[in-house]
Every structure is written in structure tokens, then in C-alpha cells.
Amino acid sequence: MNKFALTAAFAALAASPLAAMDTITEADTDGNGTYSLEELQAVFPDLTEETFATIDADADGEADLTEVKAAEEAGLLAAAG
């Protein structure tokens, strides 16, 4: 693989939402281990209440890290760009 292709592949990976996991974990501003709609909107400003309800698989009003990762993998979350 040439250097350009390798660099482009790395840049695409680094720009993915999963690469922003440190940012997401820092978004847990109240430190309870889960994410409210407002906490996730700080990282994903386009997140709607409807999409959050889909992400919150157990309907407890908070999204845990497993639910957030699943939502990212499903393409439900898009990081601000």
C-alpha cells in the first residue's frame, strides 16, 4: 500500500465516531457511567430525542457505553465535523 493510501485510510479511521471514544467517555459530565440526551448532544449535536430513544435500548432514560457503541456501529450517531 502506498503512503498516500495508508495515510488516507488512517485519516478515515481517526475521523470515525468510534475513534472519538475518549471524547464520549468525557461527555459523562455527571460521572454516573451513562449518558443523558444532553450529554450525548455535546458530542453529537444533531442527535434528536427520537434517535436517542432508539439508542436507549433498555428505555431507562440513559444510554450506557454499550448502547452508544452499538448506535455508532449502526450509523445512528454522527460526530460533529
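Biologist: What is the accessible surface of the protein chain, and what share belongs to carbon and sulfur atoms?

Modeller: The accessible surface is about 5,200 Å², and carbon and sulfur atoms hold 57% of that area. Such areas come from the Shrake-Rupley method with a 1.4 Å probe; for residues, only the protein chains shown count as cover. This is a predicted model, in which local features need pLDDT of at least 70, side-chain atom pairs count only at pLDDT 80 or more, and totals for chains, interfaces and linings use all residues. Residues are numbered from 1 along each chain as its sequence is written, and side-chain values use heavy atoms, with hydrogens and water left out.

Biologist: Why is Phe52 called buried?

Modeller: Buried means under 20% relative accessible area, exposed over 50%, and partly exposed in between (1.4 Å probe, protein chains only). Phe52 has a relative accessible area of 8%, so Phe52 is buried.

Biologist: Which residues does Phe52 touch, not counting residues up to four places away in sequence?

Modeller: Contact means heavy atoms within 4.5 Å. Among the residues that Phe52 touches are Tyr35, Leu40, Leu47 and Glu62. The C-alpha atoms of Phe52 and Glu62 are separated by 8.7 Å, and the two residues are ten apart along the chain.

Biologist: What makes the helix that holds Phe52 "α4"?

Modeller: Helices (H or I, at least four residues) and strands (E, at least two) are DSSP runs, numbered from the N terminus. The chain follows the pattern α-α-β-α-α-β-α, and Phe52 lies in helix α4.
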